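Hi everyone, thanks for making time today.

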Amino acid sequence: MVISSPPKAGPRFEFLVKSVPGATAGRLCALRDGDVVELGAVTGKGFPLDRINPPDVAQTVLIFAAGTGISAIRSLIEFGFAAKERADVRLYYGDTSLKSMSYQERLSNWESTGIKIIPVLSQPDDSWKGERGYVQDAFFRNKNIVNPSSTGAILCGPNEMQEELTLSLVADGVSRDKILTNY
């Protein structure tokens, strides 16, 4: 379970909970109105967006999200970070299967804000025609960094994904200071 509401959303919080029978998530999904839930401290410090703003500082923004990492990215997109004012904003969004991919109903709205979405499935069924593997693999196959000095990246997902992408982006000339994580 992760918080998915944007910053400064007021006293109301939204969560992304993937139901897994027998796990805590499954029990959360079975709650009814009025049930009490205790929460712990929030982890993560948020993305330091000032490093890629104003938009001319990073005309290209590459966003990478895997699994529930999409909740923080959802917040970022829906809070607004001036995607339409940038030349190239791409979201590489990875999950196990189409069935487990969250926020599918929002993807066309996100695209209308100027974001190109590249869904990537690690265990797709035979009918899947899109990218396969992990988000970093999809990016490595289709790299297109025109101006590294005007490129930023936002990473939210497993440590291995973040490490591989950071090494590759830095090797391609992207400033480490413009590679944002929320931890």
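In helix α2, the buried residues are Ile 70, Ser 71, Ala 72, Ile 73, Arg 74, Ser 75, Leu 76 and Ile 77. Buried means under 20% relative accessible area, exposed means over 50%, and partly exposed is in between, using a 1.4 Å probe and protein chains only. That makes eight of the ten residues of α2 buried, so the helix is mostly covered. By helices I mean DSSP runs of H or I with at least four residues, and strands are E runs of at least two, numbered from the N terminus.

Before going on, a word on what you are looking at. This is a predicted model, where local features need pLDDT of at least 70 and side-chain atom pairs count only at pLDDT 80 or more, while totals for chains, interfaces and linings use all residues. Residues are numbered from 1 along each chain as its sequence is written, and side-chain values use heavy atoms, with hydrogens and water left out.

Now, is Arg 74 buried or exposed? Arg 74 counts as buried because its relative accessibility is 3%. Which residues does Arg 74 touch, leaving aside neighbours within four places in sequence? With contact meaning heavy atoms within 4.5 Å, the partners of Arg 74 are Ser 4, Ser 5, Glu 14, Tyr 103, Arg 106 and Trp 110.

You'll find Tyr 103 in the loop between β4 and α3 (107-112), and it counts as buried because its relative accessibility is 10%. Tyr 103 has a positive phi of about 65°, although it is not a glycine. Most residues other than glycine have a negative phi, and most peptide bonds are trans. Pro 54 sits in the loop between α1 (24-29) and β3.

Next, please find helix α5. Its 13 residues reach 18 Å from first C-alpha to last, close to the 18 Å expected at 1.5 Å a residue; the expected span is 1.5 Å times one less than the number of residues. Met 161, Gln 162, Leu 165, Thr 166, Ser 168 and Leu 169 are buried in α5. What covers them includes β3 (60-66), α4, β7 (151-156) and β8 (179-181). After α5 comes Gly 173, whose phi is positive, near 100°.

Strand β8 holds Leu 180, which counts as buried because its relative accessibility is 0%. The contacts of Leu 180, again leaving aside neighbours within four places in sequence, include Phe 47, Ile 52 and Ala 153. How far apart are Leu 180 and Arg 74 in sequence and in space? They are 106 residues apart in sequence and 15 Å apart in space, C-alpha to C-alpha.

Finally, the record. UniProt, in an unreviewed entry, places the feature "domain: Oxidoreductase FAD/NAD(P)-binding" at residues 65-163. UniProt positions are given in the numbering used here, feature names are shortened, and annotations may be inferred rather than shown by experiment. In the model, residues 65-163 are 28% helix and 25% strand, and the end C-alpha atoms lie 13 Å apart.

That's my tour, and I'm happy to take questions.
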